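Here is my note on this one, as numbered points. Have the structure open as you read, and follow along residue by residue.

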Amino acid sequence: MRLIWKNRAKSLAEPGHRLAGVFSLAVITSVAWAFFGGPVVAAPQQTAPVSLNLSSDIEGPGYEVTITVNLRLSGEVEVGKAVSEISYPGKTLEFVEAVRGLSAEAVGAEVTAVTEDQDGETTKLTVSVTAKEGESLPQGVLANLYLKISEEAPANEIPIPLINRVSAWSDEIPRTQIESVTGEDGQVTISANPPVFAC
């Protein structure tokens, strides 16, 4: 770079040198292009069209926690039914009830919840949210799940995972299962001094 500035007047008087430099730069660029297969461009992140995620909560032994089932949509996909299978330690958490969330209530969707003992230690809670025929589920909170923490549970601040396996179906009749559905796990933290939120 210092050489170019030092001989600026000479370079201006010899356009052939400048053309040779430009040509060399073009050759180098072409070689790099061929070697790397084109310009380096960051690959766009692929987002799943449907996500069914669980929230988290914190409370003390003997109290209830609220876990929400949240639907997120991207693109033009339409969901007529969403299912979340939630696994958790049955001796620590007891399912109380499932209540329709605002998004499910807005379209009159049906919410059902069934528990199943897996192995004496783990309980599976299956939550299904189904829209009326010909309608689809809007994104947002589909269901509010209420779980009671055992009074014998240790308040050790260790999060209890809520393992979330999800699936979804289209709003067409007959319904077809949607691929690439993702779900985030939730968690319940048992604390001797849970935070108090003022209304």
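**Notes on the model**

1. E4 and E7 run antiparallel and are joined by nine bridges; two strands count as paired if DSSP finds at least two bridges between them. Lys81 has something else to show: its charged end sits over the ring of Trp169, 5.4 Å from the ring centre. The rule for that is NZ of Lys or CZ of Arg within 6 Å of the ring centre and within 35 degrees of the ring normal.

2. A word on what you are looking at. This is a predicted model, where local features need pLDDT of at least 70, side-chain atom pairs count only at pLDDT 80 or more, and totals for chains, interfaces and linings use all residues. Residues are numbered from 1 along each chain as its sequence is written, and side-chain values use heavy atoms, with hydrogens and water left out.

3. How confident is the predictor? The pLDDT, its confidence in each residue from 0 to 100, averages 82 over the protein, and 75% of the residues score at least 70. Residues 1-45 are the part to watch: pLDDT is below 50 there, and beyond near neighbours in sequence the stretch has four contacts in the model. Where pLDDT is low, the predicted coordinates should not be read in detail.

4. The overall inventory is four helices and eleven strands. Of the 199 residues, 30% count as buried, meaning under 20% relative accessible area, with exposed over 50% and partly exposed in between (1.4 Å probe, protein chains only). Take the contacts (heavy atoms within 4.5 Å) between residues at least 6 apart in sequence: 75% of them join residues at least 24 apart.

5. Now back to E7. Seven of its nine residues are buried, so the strand is mostly covered. E6 also pairs with E7, in the antiparallel sense, over eight bridges, and Ala113 stands opposite Val127 in E7. The two strands form a hairpin with four residues between them, and Gly120 in the turn has a positive phi of about 85°. Gly120 is partly exposed at a relative accessible area of 36%. Gly120 and Lys91 are 29 residues apart in sequence, yet their C-alpha atoms are 8.5 Å apart.

6. Is Thr123 buried or exposed? Thr123 counts as buried, at 15% relative accessibility. Leaving out residues up to four places away in sequence, Thr123 touches several others, including Ile86, Tyr88, Thr115 and Glu116.

7. How many salt bridges does a search of the whole structure find? The search finds two, a salt bridge being a side-chain nitrogen of Lys or Arg within 4 Å of a carboxyl oxygen of Asp or Glu. One joins Lys91 and Glu121 at 3.4 Å, N to O. Lys91 is in the loop between E4 (79-89) and E5 (93-100), and Glu121 is in the loop between E6 (110-117) and E7 (122-130), so the pair ties together parts that are 30 residues apart in sequence. Lys91 is exposed at 58% relative accessibility, while Glu121 is partly exposed at 45%. The other joins Lys124 and Glu116 at 3.9 Å, N to O. Here Lys124 is buried at 18% relative accessibility, and Glu116 is partly exposed at 42%.

8. There is an open sheet too, with five strands in the order E5-E8-E3-E1-E10 and mixed pairing. Its edge strands are E5 and E10 (181-182), each pairing on one side only. Inside that order, E3 (residues 64-73) and E8 (residues 140-149) run antiparallel with eight bridges, and Glu64 stands opposite Lys148 in E8.

9. Most residues other than glycine have a negative phi, and most peptide bonds are trans. The bond from Ile173 to Pro174 is cis, with omega near 0°; Pro174 lies in the loop between E9 (159-170) and E10. Glu157 has a positive phi near 65° and lies in the loop between E8 and E9. Ser180 has a positive phi near 60° and is found in the loop between E9 and E10.

Technical notes
pLDDT is the predictor's confidence in each residue, from 0 to 100.
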